[in-house]
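Please open the structure in a viewer and keep the sequence beside it.

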Amino acid sequence: MSDPNCLFCKIAGGAIPAKIVHQDEHVVAFEDINPQAPTHVLVIPRAHVASLDALADGDHEMAGRVMHRAAEIARARGLMPDGYRVVFNCGPGAGQTVYHIHAHLLGGRGFGWPPG
Ligand code: 5GP
Ligand code: ZN
């Protein structure tokens, strides 16, 4: 459920401080420490799952909650209709550095495609 060596488990448990945007029984959202856009919020499940690659059949509801919360925060911040981006980096080649699954909610500026 929780990994004592995991940075984001520690944030979810309150052992390491973060600017919490939302928390409930299942999900925690907090400001990224190194924001890449005017809005840069990380949305994580409380349960420790290392990455998208580690998702299992039993994780579908949790994954849906993470995505839905990203959308709710985007709505609350008025990021539509301009739009926003939600990113899951998976693995080293995609830039994943913290191995507790998280959605990056990025908004408040334009985004190019394809991504870098
Ligand atoms: P990844 O590179 O794994 O997709 O994303 C990890 C994100 O976590 C990065 O955007 C990084 O800035 C953020 N991050 C790393 N350490 C901390 C921390 O201690 N607190 C917060 N709020 N964000 C962090
Ligand atoms: Zn964790």
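Two strands are said to pair if DSSP finds at least two bridges between them. Helices (H or I, at least four residues) and strands (E, at least two) are DSSP runs, numbered from the N terminus. This is a predicted model, in which local features need pLDDT of at least 70 and side-chain atom pairs count only at pLDDT 80 or more, while totals for chains, interfaces and linings use all residues. Residues are numbered from 1 along each chain as its sequence is written, chains are lettered from A and ligands numbered from 1 in the order in which they are written, and side-chain values use heavy atoms, with hydrogens and water left out.

**The whole chain**

Begin with the protein chain, which has two helices and five strands. From the N terminus on, these elements follow the order α-β-β-β-α-β-β. The radius of gyration, taken over C-alpha atoms, is 14 Å, close to the 13 Å of the globule rule for 116 residues, so the chain is as compact as a globular protein of that length. That rule is 2.2 Å times the number of residues to the power 0.38. Along the principal axes, the C-alpha atoms fill a box of roughly 40 × 30 × 25 Å. Of the 116 residues, 36% are buried; buried means under 20% relative accessible area, exposed over 50%, and partly exposed in between (1.4 Å probe, protein chains only).

**The sheet**

Next, select the five strands. They form an open sheet in the order β1-β2-β3-β5-β4, with antiparallel pairing. Why is one side of β1 and of β4 left without a neighbour in the sheet? β1 (20–23) and β4 (84–87) stand at the edges, so each has a single partner strand. Neighbouring strands are turned by 15° against each other on average, direction ignored; axes are lines fitted to C-alpha atoms, for helices over the stretch in contact, and angles run from 0 to 180 degrees between N-to-C directions.

Now show β1 together with β2 (residues 27–31): they pair in the antiparallel sense over three bridges. Within this pair, I20 has F30 of β2 as its bridge partner.

**A loop residue**

Move to P17, in the loop between α1 (7–13) and β1. Is P17 buried or exposed? P17 counts as exposed, at 73% relative accessibility. P17 and F30 are 13 residues apart in sequence and 9.8 Å apart in space, C-alpha to C-alpha.

**The zinc site**

Select ligand 2, the zinc ion, coordinated by C6 (SG), C9 (SG), H48 (ND1) and H100 (ND1) at 2.0 to 2.3 Å. Donors are N, O and S atoms within 2.8 Å of the metal (3.2 Å for Na, K and Ca); water is not among the atoms, so sites may look incomplete. The angles among the four donor atoms are 107 to 115°, and the site is tetrahedral, a label given to four donors if all angles lie between 85 and 135 degrees. The spacing of the donor residues in sequence is C-x2-C-x38-H-x51-H. C6 is buried, with a relative accessible area of 6%, and C9 also counts as buried, at 7%.

**Two cis peptide bonds**

Finally, select P81, in the loop between α2 and β4. A cis peptide bond joins M80 to P81, with omega about 10°. The bond from W113 to P114 is cis, with omega near 5°, and P114 lies in the segment after β5.

How values were computed:
Tetrahedral: all angles 85-135°; square planar, octahedral: opposite > 155°, others 65-115°.
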